[in-house]
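Subject: Structure handover

Hello,

Here is the structure I promised to pass on. Please open it before you read the notes below.

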Amino acid sequence: MEYTQVTSPNYSYIFNFESDFIHQETLRWMNKNWTMGFYYVGLYMIFIFGGQHLMKNRARFELRGLLSLWNTSLAIFSIMGAIRTGPELIHILTHHGLYHSVCVPSFAVQDRVSGFWTWMFVLSKLPELGDTIFVVLRKQPLIFLHWYHHITVLLYSWFSYTETCASARWFIVMNYHVHAVMYSYYALRAMGYNPPRRFAMFITSLQLLQMVVGCFVNIWAQQLKNDHRECKVSNVNIKLSLAMYFSYFVLFARFFYKTYMSGVRRKQHQTVSPEDYSLLKSKQH
């Protein structure tokens, strides 16, 4: 598939590390190394369940300062990613239409700014596994949604990069924006602030909306391919992505119901978090 040159957003400033980005080089690296993700996932599983066993009879670590730094760093990274990738999606929808946004991967191939932050997004799914370190060391209950989400996002993102999947434009922009809000919320919580309950509910609603849009993007891509339109998304990718997004929707919808609609109330001094694993566990007993 050859790509017609398209216009890019008029960025007010481009950093050197963005202008120096070359998609073909990172693509070659990922094609050779993406299967390493399975080894990282294996080590991750050994750590979280082995760590839980080791921590069983040990006192929990507080790690509040380190947790604040961790969430603040991820919040800043996600905000930057949202700022640098969002304009490209808006520009494409405005000037080239929905078809281009789903089927033409110019965001990675031709736009060096969004291309760089796409690469950063894919790589970030590895260090984001570190979220679980805090869950284990602080002896918080580890629910299925947590580790299933981390594992599947890592493997799917790395695999999709090898295909230069066009629909990833939507997934990356949505994820950056949701994570910008979510990790900012987590940072405030770790610092001792207690944002109102409705803010946590808003974040979970954003996550559910992300899953719905993800499903529709995949369905739209499949429909375009069925109509014999040229679309840079493989059938395998569509099936994997649709299954992943639908499973996320079911799990997050279940979490939303149990957290906000089941009628079970927490103690007054506690605050709900959209991925507060101890909260979900407490509601199950």
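Predicted model: local features only at pLDDT ≥ 70, side-chain atom pairs only at ≥ 80, totals over all residues.

Residues are numbered from 1 along each chain as its sequence is written, and side-chain values use heavy atoms, with hydrogens and water left out.

**The whole chain**

The protein chain has 13 helices and zero strands. Helices (H or I, at least four residues) and strands (E, at least two) are DSSP runs, numbered from the N terminus. The C-alpha atoms fill a box of roughly 60 × 35 × 35 Å along the principal axes. For 285 residues, a compact globule would have a radius of gyration near 19 Å; the protein chain has 20 Å, which agrees. That radius is taken over C-alpha atoms, and the globule rule is 2.2 Å times the number of residues to the power 0.38.

Buried residues make up 52% of the 285. Buried means under 20% relative accessible area, exposed means over 50%, and partly exposed is in between (1.4 Å probe, protein chains only). Now the contacts (heavy atoms within 4.5 Å). Of those with a separation of 6 or more, 84% join residues 24 or more positions apart.

**The aromatic rings**

How many aromatic pairs does the structure hold? There are 26 aromatic pairs. Rings of Phe, Tyr and Trp (its six-membered ring) pair if their centres lie within 6.5 Å; planes under 30 degrees apart count as stacked, over 60 as edge-to-face and the rest as tilted.

Take phenylalanine 17 and phenylalanine 116. Their ring centres are 5.0 Å apart and their planes are at 45 degrees, so the pair is tilted. Phenylalanine 17 lies in helix H1 (residues 16-19) and phenylalanine 116 in helix H7 (residues 112-124), so the pair ties together parts 99 residues apart in sequence. Phenylalanine 17 is partly exposed, at 41% relative accessibility. Phenylalanine 116 is buried, at 12%.

Phenylalanine 116 also pairs with phenylalanine 21, edge-to-face, at 6.2 Å centre to centre and 85 degrees between the planes. Phenylalanine 21 lies in the loop between H1 and helix H2 (23-33), so this pair ties together parts 95 residues apart in sequence. Phenylalanine 21 is buried too.

These three residues belong to one aromatic cluster, which also includes Tyr13, Trp117 and Tyr176.

**A charge over a ring**

The charged end of arginine 229 sits over the ring of tyrosine 99, 4.3 Å from its centre. The test: NZ of Lys or CZ of Arg is within 6 Å of the ring centre and within 35 degrees of the ring normal.

Best wishes
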